[in-house]
Amino acid sequence: MKDLFLKNDKKILTWVVFLLFLVSGLYYMQDGYFDTISAKTNAFYFSCAIAAIPGVYLLFTFICKNGPEGFLHLPPSFYLIALFCLSYLFVSLGDFHALDGSVGWNVGAYSYLFGLMLFFIFLIGETDEKALVVTLAAATIPVYFFAVCHGAGFDIFGLHEDLLTDEKYNYISTIGNITVYSGITSLFMPVICAALDHLDEWSCFGSSRIRKILMALFITDICLGGTSICLAGSDSAYIGIFGSLAVLYIAECKKRTPLWKLGRIAVLLSASFGAAEVLQVLSPGDAFPAQKYFSYYIYKFHLSFILFPLLLFATLALYKWARHFSFPWIPISVMIVGAIALTEFLSPKGRHFGSGRGEIWPFAIKCFKNAHLRQKLEGVGCDCFGYLTGAYINDLPKSDKWFRVANGAFDGVKMKRNIITVGGREVVNCHNEFLQHLLCGGIITASLWCVSVISVIWSGLKRKEVSPFLFGFIGWLIQSMLNNPHNLLLTFAFIFAALSVKKAK
């Protein structure tokens, strides 16, 4: 046993770090049933502090093995992400809230530094990606199962009665906040879909029995996850997952993956959406069926039962289309723009389309237009949109640094407060990752972010063996254009990015 540990110590260390954040991340989803903002923030910093211990060990062994010049051979993505994180640190210096995170999501500049630490750990550390995928599938199955039960109206833990009436739609169909749940599913589900397609290539699992067990595990995970997002009814989850699967389809088509493998994913998603509609019919009277946007139209017009031929047609089209492109910019761009346009078209007309995005985005863009040149370049500091920067107006005194907090207390200090609200709810972020970086980090930081994610996707798709985690990163990135809950979800974005670009062994 000792020899086994010494032989695989670095793989075991990275697996432990991955499991640590996986447990914390799944716990984070229950936001809404309990007031645990402080607990989740403490869990985030505690997890990062624990992860720093193997991080120091891996750094030491990396330098001993490669010398200082070993840093010169790291992929470009590392340097770009490092510049992005350091840029956020620079523009946030001198502001406690920007460094540590404001009330709500707590995603200050320190969070990005910890994300960089995790990126480095998984980049230089030895990892068994297959073990990480299996762990991810095994851990999320019970989460998806409980989400399906809740979405169908079966209150297993007796939590529904503690929710206020106006909270029930947002929380009833998941084990937590629907915003966070969409981020989790967009991160995790595409990884398992890609792993299912890659399973036949996993030569380390020589036994056919083990392969069958893993196939059953992955299929169960996909079906439960698909049913849960249909019951939850989050548009950003639909867009993130299907957008990532479009990239997966294109990548698989280009390497001439058998068509039946791609059709298998279409069958599983169609079956899961159909199961969601059946559950809505059979569920108890106190269930809360989808009321908005995509899910509403799926149930109203029984679209789940025609999803398979639509997906099959899309699969055939992409199978022929993908071979004409060296990199899928065109279909990806068309898909993203089309999905967002469809969301706006299906949304109720008025000021609050997209759960208030019709107010938030124009407000944020106006803030940027009204900013001084330095504010445009450097932003106002990480995580300083929302509670602290509800009124970006240039007529405020310079000492107010673009924010004022109105008629209440913040951290026990009484201040003036002018916060953008949508439907009576205070807005704590832009609900768009790129717009958030533009306002909080300025043009410089936002540009570094764009270049960083392009580098990760480009390097990941060019890898000889494309990592399943790349598709999770893409799914999260796509849904982040409509939804950007952070903190512990951010750590997985960095981890998945590192696993995407590191060389396969």
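Biologist: What share of the contacts with a separation of 6 or more comes from residues 24 or more positions apart?

Modeller: Contact means that heavy atoms lie within 4.5 Å. In this protein, 79% of the contacts with a separation of 6 or more are between residues 24 or more positions apart. Please note that this is a predicted model, in which local features need pLDDT of at least 70 and side-chain atom pairs count only at pLDDT 80 or more, while totals for chains, interfaces and linings use all residues. Residues are numbered from 1 along each chain as its sequence is written, and side-chain values use heavy atoms, with hydrogens and water left out.

Biologist: How many helices and strands are there in the protein?

Modeller: Helices (H or I, at least four residues) and strands (E, at least two) are DSSP runs, numbered from the N terminus. The protein has 20 helices and 4 strands.

Biologist: What percentage of the residues count as buried?

Modeller: A residue is buried under 20% relative accessible area, exposed over 50%, and partly exposed in between (1.4 Å probe, protein chains only). Of the 505 residues here, 58% count as buried. Accessible areas come from the Shrake-Rupley method with a 1.4 Å probe, and for residues only the protein chains shown count as cover. The protein exposes about 21,800 Å², of which carbon and sulfur atoms supply 67%.

Biologist: Is glutamine 479 buried or exposed?

Modeller: Glutamine 479 counts as buried because its relative accessibility is 1%. Glutamine 479 belongs to helix 19, residues 468-479. Leaving aside neighbours within four places in sequence, glutamine 479 is in contact with Ser182, Gly183, Ser186, Ser236 and Gly240. Glutamine 479 also shows how sequence and space can be read together: alanine 237 is 242 residues away in sequence, yet the two C-alpha atoms are 6.4 Å apart.

Biologist: Which residues does serine 47 touch, not counting those up to four places away in sequence?

Modeller: Serine 47 touches Leu20, Phe21 and Ser24. Serine 47 is part of helix 3, residues 37-66, and is buried, with a relative accessible area of 1%.

Biologist: How many aromatic pairs does the structure hold?

Modeller: A pair of aromatic rings is described by the distance of the centres and the angle of the planes. Rings of Phe, Tyr and Trp (its six-membered ring) pair if their centres lie within 6.5 Å; planes under 30 degrees apart count as stacked, over 60 as edge-to-face and the rest as tilted. The structure holds 23 such pairs. One of them joins phenylalanine 492 and phenylalanine 496, edge-to-face, at 5.9 Å centre to centre and with 70 degrees between the planes. These two residues are separated by about one helical turn, because they are 4 residues apart in helix 20 (residues 488-501). Both phenylalanine 492 and phenylalanine 496 are buried. Elsewhere, ring pairs link Phe84, Tyr88, Tyr112, Trp449, Phe473, Trp476 and Phe494 into a cluster.

Biologist: Over which ring does the charged end of lysine 376 sit?

Modeller: A charge sits over a ring if NZ of Lys or CZ of Arg is within 6 Å of the ring centre and within 35 degrees of the ring normal. The charged end of lysine 376 sits over the ring of phenylalanine 368, 5.6 Å from its centre. Likewise, lysine 462 lies over the face of tryptophan 458, at 4.9 Å from the ring centre.

Biologist: How many salt bridges does a search of the whole structure find?

Modeller: A salt bridge is a side-chain nitrogen of Lys or Arg within 4 Å of a carboxyl oxygen of Asp or Glu. The search finds 3. Arginine 463 forms one with glutamate 129, the closest N and O atoms being 3.6 Å apart. Arginine 463 lies in the loop between helix 18 (433-462) and helix 19, and glutamate 129 in helix 7 (residues 129-151), so the pair ties together parts 334 residues apart in sequence. Both arginine 463 and glutamate 129 are buried.

Biologist: Where do arginine 264 and aspartate 197 lie?

Modeller: The side chains of arginine 264 and aspartate 197 meet in a salt bridge at 3.6 Å, N to O. Arginine 264 lies in helix 12 (residues 259-282) and aspartate 197 in helix 9 (residues 178-198), so this bridge ties together parts 67 residues apart in sequence.
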